[in-house]
Amino acid sequence: MKLFVRLLFLFAFSFTVISTPPTSAQAESVCSFKNRTVKPGLVHWHKNFDDACAASKSSGKPVILFQMLGHLDQEFC
Amino acid sequence: MFSDKKLAKYINANFEPCWEPLRPVPILTVDFGDGRVLKRTLHGNIASYICEANGQVIDILPGIYGPRSYEKCLQGLLSVASFVHTAKDRDAALRAYHMGKTPFPGYGSTTIAEPEIVALGGSKFLNDIRADVINNETIKRPVIHNMLAQRHSTIPADITNEVYKRTLGLDLTDPYLGLGDALSCTFPGE
């Protein structure tokens, strides 16, 4: 029972920390930042992994999936 | 990297490329005062999966590379893809490759970054890239080979979290990507 209460407390505490809303100044700063759209290099990208696999079936070329945090067509990525 | 003409031409000619965002990128803003503000992201949290037409993963390049070293790695992986595709037993061939039992160049090479330095000249930035590439090839890729040698077949979605956690040190399920403690810590008594 004690363990359950402890776990419940820990969960509630971590939820409070993670979900603490930003201050109005922080929120304004976050909202006003616009990540500019840019050209994602000179590579002819398929729209998604499924499209690339479909193209691979007909071309015989392997697929490259470039995984990343953020978007390749944004300035900050 | 994908703005490099030679690399883009090579990729367009030999691969079917696509990119996928896993989550928003953390953007750091440092305000130095006097109107000087530095904004940047944390680089290097990328992974390139080489896959067959059915989506099965052949190999993965973890982390950031320079254009020349990336192309050099892709050239090797193109040969591996062909080898696996034409093998009688695809799974056995792929496992043999990941266990280092095939004639393909061994992983762990520290010379992979050299074409970069030769092509672009020396600079602090290139030295950093070189260090990243050597780290990718000697430390991270053996982990990838080990992971893939133990699987018969896998698609990127099945292995993404493990790749990021074990090779890039990033827990994608953590909203603060492991930086939570550093961001919220205070001196005792505050």
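Val63 of chain A stands opposite Cys51 of chain B, in strand S4 of chain B. Before that, the ground rules. This is a predicted model, in which local features need pLDDT of at least 70, side-chain atom pairs count only at pLDDT 80 or more, and totals for chains, interfaces and linings use all residues. Residues are numbered from 1 along each chain as its sequence is written, while chains are lettered from A and ligands numbered from 1 in the order in which they are written.

Helices (H or I, at least four residues) and strands (E, at least two) are DSSP runs, numbered from the N terminus. Two strands pair if DSSP finds at least two bridges between them.

Chain A, then. It has three helices and one strand, and from the N terminus on the order is α-α-α-β. Of its 77 residues, 22% count as buried. Buried here stands for 20 or more other C-beta atoms within 10 Å of the residue's own; exposed is 12 or fewer, partly exposed is in between, and the C-beta atoms are placed from the backbone.

Now the sheet. What is the order of the strands? It is S1(B)-S1(A)-S4(B)-S5(B), four strands in an open sheet with mixed pairing. S1 and S5 of chain B stand at the edges with a single partner strand each, so one side of each has no neighbour in the sheet. From one strand to the next the twist averages 20°.

Going through the pairs: S1(A) and S1(B) are parallel, over seven bridges, and Leu65(A) stands opposite Cys18(B) there. On the S4(B) side, S1(A) runs antiparallel, with five bridges. S4(B), residues 47-51, is joined to S5(B) by five bridges, also antiparallel. In that pair Ser48(B) has Leu61(B) as its bridge partner. S4(B) and S5(B) make a hairpin with five residues between them, and Gly55(B) in the turn has a positive phi of about 90°.

S5(B), residues 57-62, has six of its six residues buried, so the rest of the structure largely encloses this strand. Helix H6 of chain B, residues 156-167, lies across S1 of chain A together with S1, S4 and S5 of chain B, at about 30° to S5(B). For that angle, axes are lines fitted to C-alpha atoms, for helices over the stretch in contact, and angles run from 0 to 180 degrees between N-to-C directions.

Next, the contact between the chains. Two residues are in contact if their C-beta atoms, placed from the backbone, lie within 7 Å. The contact takes 32 residues from chain A and 39 from chain B. On the chain A side, H1 (2-19), H3 (49-59) and S1 (63-69) each supply at least two residues. H3(A) gives the most, with eight. That side of chain A has 20 nonpolar, nine polar and three charged residues. In this count Ala, Val, Leu, Ile, Met, Phe, Trp, Tyr, Cys and Pro are nonpolar, Asp, Glu, Lys and Arg are charged, and the others, Gly among them, are polar.

Then the core. A nonpolar core is a set of buried Ala, Val, Leu, Ile, Met, Phe, Trp, Tyr and Cys residues joined through C-beta atoms within 7 Å. Which residues touch the most other members of the largest one? Leu65(A) and Ile58(B), out of 40 residues. Helix H2 of chain B, residues 67-86, gives the most to this core, with seven residues. Not counting residues up to four places away in sequence, the contacts of Ile58(B) include Pro62(A), Ile50(B), Leu77(B) and Leu94(B).

Leu94(B) is in helix H3 of chain B, residues 90-98, where Tyr97(B) and His98(B) are buried as well. The three cover an arc of only 95° around the axis, which puts them on the same side of H3(B); the arc is that of the directions from the helix axis to the C-beta atoms. Just after H3(B), Gly100(B) has a positive phi of about 75°.

Last, two residues in chain B. Tyr70(B) lies in helix H2 and is buried, with 22 other C-beta atoms within 10 Å. Leaving aside neighbours within four places in sequence, Tyr70(B) is in contact with Met1(B), Leu7(B) and Tyr65(B).

Is Asp34(B) buried or exposed? Asp34(B) counts as exposed, with 6 C-beta neighbours inside 10 Å. This residue sits in the loop between S2 (27-33) and S3 (36-41) of chain B. Asp34(B) has a positive phi of about 55° although it is not a glycine. Most residues other than glycine have a negative phi.
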